[in-house]
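Please examine the sequence and the three-dimensional view below.

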Amino acid sequence: MSFNYDSEAQKIAPIFDLIIAAIEKFPPDGWTPQNISHTIKFNKEMKEDILNPPAQFRTAASLKITKNNILNMFQETTGKHVDYFWEQVEQNGLSAEVVRINPIEKILKKGKIANAAEHELATTFRKEGKLDDKELALLNEYIEKFEQKKKGRKE
């Protein structure tokens with residue numbers, strides 16, 4: 001089956017509308033009206049860009065990169081906006097186009113927290129109580145090791 005840019009872009013375009021709806025309905029904690037406005041404008045522009053790109057960007061790779069970039073917030077953070085977004089993905093039949101990745105699984109698989117962003121994510125997931133006892137114990141161990149390593153650098 002050959003790649004058809006237009007049909008693939010049409011499958012991805014509704015994702016931008018779901019992002020906008022999630023941000024409007026449940027703005028992330030700490031976001032200002034300017035943050036919200038900027039994010040909405042950005043997603044509208046990105047949707048237009050994937051539907052009408054310059055010829056050199058009409059590729060499968062470009063679509064994949066765009067999709068991965070726009071989904072970062074919804075793959076790597078938590079909150080009402082994230083939960084709402086994934087509910088809408090499911091309800092709108094976009095689960096085949098957008099797959100939720102559990103970032104905690106990545107941390108657990110590699111057996112450590114690599115950076116501050118992963119530390120923040122792990123700490124947030126630990127607070128939310130969405131982990132089983134084994135995952136929680138491992139995550140606590142990785143958090144402690146990361147914090148000790150970080151302390152060692154400061155001293």
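**Briefing on selected helices and aromatic residues**

Glu105, Lys106 and Lys109 are exposed residues on the face of helix H5 that is turned away from its buried side. The model is predicted.

**Helix H5**

- Helix H5 comprises residues 103-110, and its buried residues are Pro103, Ile104, Ile107 and Leu108.
- Viewed down the axis of H5, these buried residues fall within an arc of 140°, and therefore they line one face of the helix.
- Gly111, which comes just after H5, has a positive phi of about 80°.

**Helix H6**

- Helix H6 spans residues 116-128 and contains 13 residues.
- From its first C-alpha to its last, H6 reaches 18 Å, which is close to the 18 Å expected at 1.5 Å a residue.
- Glu118, His119, Leu121, Ala122, Thr123 and Phe125 are the buried residues of H6.
- The N-terminal end of H6 is capped by Asn115, a side-chain oxygen of which lies 3.1 Å from the backbone nitrogen of Ala117.
- After H6 comes Gly129, with a positive phi near 70°.

**Aromatic pairs**

- A pair of aromatic rings is described by two quantities, namely the distance of the centres and the angle of the planes.
- With ring centres required to lie within 6.5 Å, the count is four aromatic pairs.
- One of these pairs is formed by Phe85 and Trp86, whose rings lie 5.0 Å apart, centre to centre, with 80° between the planes.
- This pair is classed as edge-to-face, because an angle over 60 degrees between the planes counts as such.
- Phe74, Phe85 and Trp86 together form one aromatic cluster.
- Phe85 has a relative accessible area of 0% and is therefore buried.
- Trp86 has a relative accessibility of 9%, so this residue also counts as buried, the cut-off for burial being under 20%.

**Surroundings of Trp86**

- Trp86 is located in helix H4, which covers residues 80-91.
- Leaving aside residues up to four places away in sequence, Trp86 touches Phe74, Gln75, Val98, Val99 and Arg100.
- A polar atom of the Trp86 side chain lies 2.9 Å from the backbone oxygen of Phe74.
- Trp86 and Arg100 are 14 residues apart along the chain, and their C-alpha atoms are separated by 7.7 Å.

Technical notes:
Residues are numbered from 1 along each chain as its sequence is written. Side-chain values use heavy atoms; hydrogens and water are left out. Rings of Phe, Tyr and Trp (its six-membered ring) pair if their centres lie within 6.5 Å; planes under 30 degrees apart count as stacked, over 60 as edge-to-face and the rest as tilted. Buried means under 20% relative accessible area, exposed over 50%, partly exposed in between (1.4 Å probe, protein chains only). Helices (H or I, at least four residues) and strands (E, at least two) are DSSP runs, numbered from the N terminus. Contact means heavy atoms within 4.5 Å. A polar contact is a pair of N or O atoms within 3.5 Å; within protein, one must be able to donate a hydrogen and the other to accept it, and residues adjacent in sequence count only if both atoms are side-chain atoms. The expected span of a helix is 1.5 Å times one less than its number of residues. The arc is that of the directions from the helix axis to the C-beta atoms.
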